[in-house]
Amino acid sequence: MIDRYIDKFLRYMDIEKNYSKHTVLNYKLDLNNFKTFLDKTELEKVDYLLLRKYLATLKEKNFNARTLGRHLSALRSFFRFLNREGFLKNNPILVLSSPKLDKHLPQFMTEDEVKKVIEIAAGIDLSGLRDRAILETFYSTGARISEVAALSLQDIDFISGTVKVKGKGKKERMVPIGDTAMRAIRNYIDKRNKQTDAIFLNKNGRRITDRGIRNIVGKYIKAASVKHGVSPHTFRHSFATHLLNRGADLRTVQELLGHANLSTTQIYTHLSTERLKN
């Protein structure tokens, strides 16, 4: 029976809520984990004590607070859906509190470190031109890795200097893209023979994957010998931090990053020592 409810919920998340495939997949994995825990227990018999027991089993697996919070978020949405649709009379998760999350400042590179990483990608062959264009696009737009991978030719307006980015929840936003990044993209596209809608391609001529981009960025990070833990998302953190350090207001950065809530953007209000001195 629970399988049927999970399928209904996931279809609702995909079709009506327009959540990304990545989010829907994570919810599916979390709910299937909960289904395994329930074994033969019916949903109607799930109560506060059983949910606490489930959380305890997750903690025994050494899940951190953020992972526990994600599991709880999936369950909250699931039970809210069941209750609203009339499949369950009561919502047992309402009284369950979420684990307190430790607030970690996002890691970012200095402007010199970003420049060093990008300039290493100076190859004149097709892969070198592509890699340079990918790095320039990351830093120029602050886009997520999935957003860069999904870029198509019609998404970039070379005249107005804007790019249409498909973000979380399949929401679209328009962000400015700098001349340097557009020039790098043009150099790459002009060099390749493959006629396709996708901007960034792998060695087989197909649209590059998130993992492919992650590997490319990792290669240049290692070559530049900058700080550990730098990833494609670090470019996004650096983009936001450098904008704020140079005087951009928080709401502008919120729009550029595609954050639904300003509170998400506020984590970038950490300022460099140099800015504080100024």
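1. Is arginine 173 buried or exposed, judged by relative accessible area? Arginine 173 is buried, at 12% relative accessible area; buried means under 20%, exposed over 50% and partly exposed in between, with a 1.4 Å probe and protein chains only.

2. This is a predicted model, in which local features need pLDDT of at least 70 and side-chain atom pairs count only at pLDDT 80 or more, while totals for chains, interfaces and linings use all residues. Residues are numbered from 1 along each chain as its sequence is written, and side-chain values use heavy atoms, leaving out hydrogens and water.

3. The side chain of arginine 173 meets that of glutamate 147 in a salt bridge, 3.0 Å from N to O. This pair links distant parts of the chain, 26 residues apart: arginine 173 lies in strand E3 and glutamate 147 in helix H7 (residues 145–149). Glutamate 147 is also buried, at 2% relative accessibility. A salt bridge is a side-chain nitrogen of Lys or Arg within 4 Å of a carboxyl oxygen of Asp or Glu. Helices (H or I, at least four residues) and strands (E, at least two) are DSSP runs, numbered from the N terminus.

4. Strand E3 (residues 172–176) has Arg173 and Val175 on its covered face, and Glu172, Met174 and Pro176 on the uncovered one. In a regular strand, side chains alternate between the two faces of the sheet.

5. Lysine 166 forms a salt bridge with aspartate 155, their closest N and O atoms being 3.0 Å apart. Lysine 166 is partly exposed, at 35% relative accessibility, whereas aspartate 155 is buried, at 3%.
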